[in-house]
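Subject: Structure handover

Hi,

Here is the structure I promised to pass on.

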Amino acid sequence: MIYAYHLIICLFLIILQTTMLVGGGAVHLYDLLAPFVVYLGVYHLPRGAIPVLVLSGLAMDGISGGVFGVHLTAYLWMYVGVRWAIQFLQVGNVILLPLLVSAGVAFESLVVAFSAVVLASAPWPVESMFPVVSGQVLWGAVTGPFLMLFFIRGQKMVDRAKKSFYAEKGPLRTS
């Protein structure tokens with residue numbers, strides 16, 4: 001049941017990002033799956049998170065039109081980095097989640113940007129990435145904690161539904 005919840009969240013974020021949040025202009029929105037990867041890294045063990053990360057990474061690589069495997073690699077390394085970082089940091093700390101989300105968004109933005117720089121046919125100045133990446137990190141720091149709260153509350157709802165579904169029934173199969 002938790003896999004279904006994670007995959008529904010991934011599909012929702014991918015659809016939201018690719019349909020409603022496209023545009024451009026001065027606002028450079030970040031990859032909405034980065035806070036989800038941080039959430040998986042903080043609250044889920046690898047056996048439950050890796051399949052979801054692989055499927056969401058492959059979906060984003062297929063949809064993005066960029067270098068295939070960049071999102072998948074970034075998500076897996078981000079997950080490993082978050083799992084490593086929470087060994088030294090308190091998970092319940094209020095400052096920790098925005099910091100982890102900001103670091104995850106920065107890492108993923110830099111990986112995607114540098115892959116575009118390396119594979120560009122014309123020379124592309126690296127310093128032109130700074131406003132884009134810094135804007136994405138700022139957006140991630142502001143909106144990421146709200147997305148994390150959304151993921152946490154959603155998981156609690158799924159856990160409650162699972163408990164009520166599998167609750168022990170009486171002799172007449174009623175609660």
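First, the ground rules. This is a predicted model, where local features need pLDDT of at least 70, side-chain atom pairs count only at pLDDT 80 or more, and totals for chains, interfaces and linings use all residues. Residues are numbered from 1 along each chain as its sequence is written, and side-chain values use heavy atoms, with hydrogens and water left out.

Overall picture

The protein has six helices and zero strands. Helices (H or I, at least four residues) and strands (E, at least two) are DSSP runs, numbered from the N terminus. Along the sequence the pattern is α-α-α-α-α-α. Of the 175 residues, 38% are buried. Buried means under 20% relative accessible area, exposed over 50%, and partly exposed in between (1.4 Å probe, protein chains only). Take contacts (heavy atoms within 4.5 Å) between residues at least 6 apart in sequence: 71% join residues at least 24 apart.

Aromatic cluster

Rings of Phe, Tyr and Trp (its six-membered ring) pair if their centres lie within 6.5 Å; planes under 30 degrees apart are stacked, over 60 edge-to-face, the rest tilted. That rule gives six aromatic pairs. One of them is Tyr39 with Tyr43, tilted, at 5.7 Å centre to centre and 45 degrees between the planes. Why are Tyr39 and Tyr43 separated by about one helical turn? Because they sit four residues apart in helix H2 (residues 33-43). Tyr39 counts as buried, at 0% relative accessibility. Tyr43 is partly exposed, at 35%.

Tyr39 also pairs with Phe151, again tilted: 5.5 Å between centres, 50 degrees between planes. This pair links distant parts of the chain, with Tyr39 in H2 and Phe151 in helix H6 (residues 129-165), 112 residues apart. Both Tyr39 and Phe151 are buried. Phe36, Tyr39, Tyr43, Phe150 and Phe151 form one aromatic cluster.

Asp31 lies in the loop between helix H1 (2-20) and H2. Asp31 is buried but has no salt bridge. That would take a side-chain nitrogen of Lys or Arg within 4 Å of a carboxyl oxygen of Asp or Glu. The nearest side chain of opposite charge, Arg83, is 19 Å away. For charge, Lys and Arg count as positive, Asp and Glu as negative; His and the chain ends are not counted.

What does the Asp31 side chain make a polar contact with? One partner is the side chain of Gln17, at 3.4 Å. Another is the side chain of Tyr75, at 2.3 Å. A polar contact is a pair of N or O atoms within 3.5 Å; within protein, one must be able to donate a hydrogen and the other to accept it, and residues adjacent in sequence count only if both atoms are side-chain atoms.

Best wishes
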